[in-house]
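Good morning, and thank you for coming. Please keep the structure in view as I speak.

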Amino acid sequence: MADAATTSDTRSQSWRPLLWGLAAFFLLPMVPLGDVIFPVQQTLLLFVPALAVCSLIGWRSGSRAALAVIWLGLAVWMLLQPAGEPGTAYSQMARAWAIVLAASFGLVSLLSSATPFFVRALASVGIALAVGLTIALSSPSGIARFQHAGGEEFMRRTTATLNKFQEKWDTEQWKDLSARMPLLQSADDWAAEIERELPKQTTPLIPALLALESLAALGLAWGVYHRLSAVKIGPELGPLTEFRFNDQLIWALAVGLTLSLLPAFGEGRNAGFNLLLFFGALYAVRGLGILAWISKGRYLFIILLSLIPQGIFLLGVIALALGLGDTWIDVRRRARAG
């Protein structure tokens, strides 16, 4: 048995925040705008294999075999199903990514059983991206072909969503409702226009978006496993108010900024944008943790602000600034020391 495996303590973790996270992760890719932000729309494809890997590691550490068998069977079934349109390059790449990601996470977890989750997940995503990049570089027009497949999938989803908008607009019920409340039609027109234009922005950023989605899938799978099994395979996830990571990651953000802005690195500009998005999102989450810490775990203000279109942008800017500033100030540690 692995030395790091420990039985659960007397306190049981609450399912409530995890259920909210699962609901968002599974439902957001199915709604307008979310469908052209999440590269893998069938998020179960990432979640189930990751949970199967956690269960297999737990079984190796003394957990129930039934848990591993159930989730492994579901993972195999999920990976045999088409992702999106059957037979497309996107379907093959999405399932391949799910396999590589789960395998990388399993390998990292076995080699470093005492390492905190975030370090494992970040290393796993990095390994999976390295494998994907190696495959792309070893095949003719590999990177362009992968990007084209992702762009085609985003456009397919956009077309399907816009068709649903049009079908709704053509109904008599909607015509009557929008005649009484023109603001509803304006809101729909605004959403449809963003849906039409967003794939042009998100397609070049698929690597960063996929990495962020994969981190979320691994985190949710980790949380679910530790609520289903008494045998731990590593440290449990802490609250958002304690979320932080190695301050040296600021250099990755600096590299991304350099590649994005300096003309000498024009060919690497897209890589710079991906680095900025990925690590900028991590620092924004760190900033949200500081906001949650300031509000003593009361998330109502953050939730209400995120429901307002302009509020989302404002919240993102504040969170990013707090996350970056925490690299040098670390207000939570100073407050505890004081």
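This is a predicted model, and I begin with its largest nonpolar core, which has 55 residues; among these, Phe47 and Leu218 touch the most other members. Eight helices each supply at least two residues of this core: H1 (16–27), H2 (44–60), H3 (65–80), H4, H5, H9, H10 (250–261) and H11. Helix H9 gives the largest share, 11 residues.

What does phenylalanine 47 touch, beyond residues up to four places away in sequence? Its partners are Leu22, Phe25, Phe26, Ala217, Leu220, Ala221 and Val224. Another core, of six residues, lies apart from the largest one and includes Trp169 and Trp174.

Two or more lining residues come from each of the helices H4 (89–111), H5 (117–137), H6 (142–169), H9 and H11 (269–294). Helix H5 contributes the most, with 11 residues. By type, the lining comprises 30 nonpolar, eight polar and two charged residues.

Finally, consider threonine 203, in the loop between helix H8 (182–202) and helix H9 (206–228). Is threonine 203 buried or exposed? Its relative accessibility is 15%, and buried means under 20%, so threonine 203 counts as buried. Its side chain reaches the backbone oxygen of proline 199 at 2.7 Å. Leaving aside neighbours within four places in sequence, threonine 203 is in contact with Gln147, Gly151 and Phe154.

Note on methods:
Residues numbered from 1 in each chain as written. Predicted model: local features only at pLDDT ≥ 70, side-chain atom pairs only at ≥ 80, totals over all residues. Heavy atoms only, no water. Helix = DSSP H or I, 4+ residues; strand = E, 2+ residues; numbered from the N terminus. Buried < 20%, exposed > 50% of the residue type's maximum accessible area, 1.4 Å probe, protein only. Polar contact = N/O pair within 3.5 Å; in protein donor to acceptor, adjacent residues only side chain to side chain. Contact = heavy atoms within 4.5 Å. Nonpolar A, V, L, I, M, F, W, Y, C, P; charged D, E, K, R; others polar. Core = buried A, V, L, I, M, F, W, Y, C linked by side-chain atoms within 4.5 Å.
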